[in-house]
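Please keep the structure in view while reading.

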Amino acid sequence: MSVSSKIYRALFPGSQIFLDMDPGLVLIEMLVLAGMVAIALRANRMYSLWMAGFQLIALMAHFARGMADAISPIAYVIMYVGPSYLQIITLALGIWLHRKRVLRHGNYRSWRASSPPSQASVPTN
């Protein structure tokens, strides 16, 4: 995401960073959120859901900025950039806890194939 934002800024240098809602950055945030949600729904890891949630918070910061011009640029930066630091912490903690689980219990599936079959019994009449 950092690279795509830098490429976008190089291609479209006219907008002022963090002073207005930038539709290009919102599009990048939406694409990243879609990718994170797709991964989180298939991954057999809980931390990927938290990372997608933090991405959603960052995306909502853009919409808050677009709806209320009275938000200060500093508050916008905190709402937009802050979740990325939480994502890094979540990723590091998730990988560390995953490693501890593997050492304790052995390997387990990384991806979900589908939901487990229902355990409900078939009614007999």
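Helices are taken here as DSSP runs of H or I with at least four residues, numbered from the N terminus. The model is a predicted one, and the values below should be read with that in mind.

Helix α3 covers residues 47-67 and helix α4 covers residues 73-105, and their axes come within 8 Å of each other while crossing at roughly 175°. Angles over 145 degrees count as roughly antiparallel, and α3 and α4 are therefore roughly antiparallel to each other. Residues of α3 in this contact include Tyr47, Trp50, Phe54 and Arg65, while those of α4 include Tyr76, Tyr80, Leu86 and Ile95. The residues of the contact divide into 15 nonpolar, 5 polar and 1 charged.

A search of the whole structure finds 2 aromatic pairs, and they are set out in the table.

| Pair | Centre to centre | Angle between planes | Arrangement |
|---|---|---|---|
| Trp50 and Phe54 | 6.2 Å | 40° | tilted |
| Tyr76 and Tyr80 | 6.1 Å | 20° | stacked |

Trp50 and Phe54 are 4 residues apart in helix α3, so about one helical turn separates them. Trp50 is exposed at a relative accessible area of 52%, whereas Phe54 counts as buried at 14% relative accessibility.

Tyr76 and Tyr80 are likewise 4 residues apart, in helix α4, which means that about one helical turn lies between them. Tyr76 is buried, with a relative accessible area of 2%, and Tyr80 counts as buried at 12% relative accessibility. The ring of Tyr76 also has the charged end of Arg65 sitting over it, 5.7 Å from the ring centre.

Notes
Residues are numbered from 1 along each chain as its sequence is written. This is a predicted model: local features need pLDDT of at least 70, side-chain atom pairs count only at pLDDT 80 or more; totals for chains, interfaces and linings use all residues. Side-chain values use heavy atoms; hydrogens and water are left out. Axes are lines fitted to C-alpha atoms, for helices over the stretch in contact, and angles run from 0 to 180 degrees between N-to-C directions. Helices (H or I, at least four residues) and strands (E, at least two) are DSSP runs, numbered from the N terminus. Angles under 35 degrees count as roughly parallel, over 145 as roughly antiparallel, 65 to 115 as roughly perpendicular and the rest as oblique. Contact means heavy atoms within 4.5 Å. Ala, Val, Leu, Ile, Met, Phe, Trp, Tyr, Cys and Pro count as nonpolar, Asp, Glu, Lys and Arg as charged, and the others, Gly among them, as polar. Rings of Phe, Tyr and Trp (its six-membered ring) pair if their centres lie within 6.5 Å; planes under 30 degrees apart count as stacked, over 60 as edge-to-face and the rest as tilted. Buried means under 20% relative accessible area, exposed over 50%, partly exposed in between (1.4 Å probe, protein chains only). A charge sits over a ring if NZ of Lys or CZ of Arg is within 6 Å of the ring centre and within 35 degrees of the ring normal.
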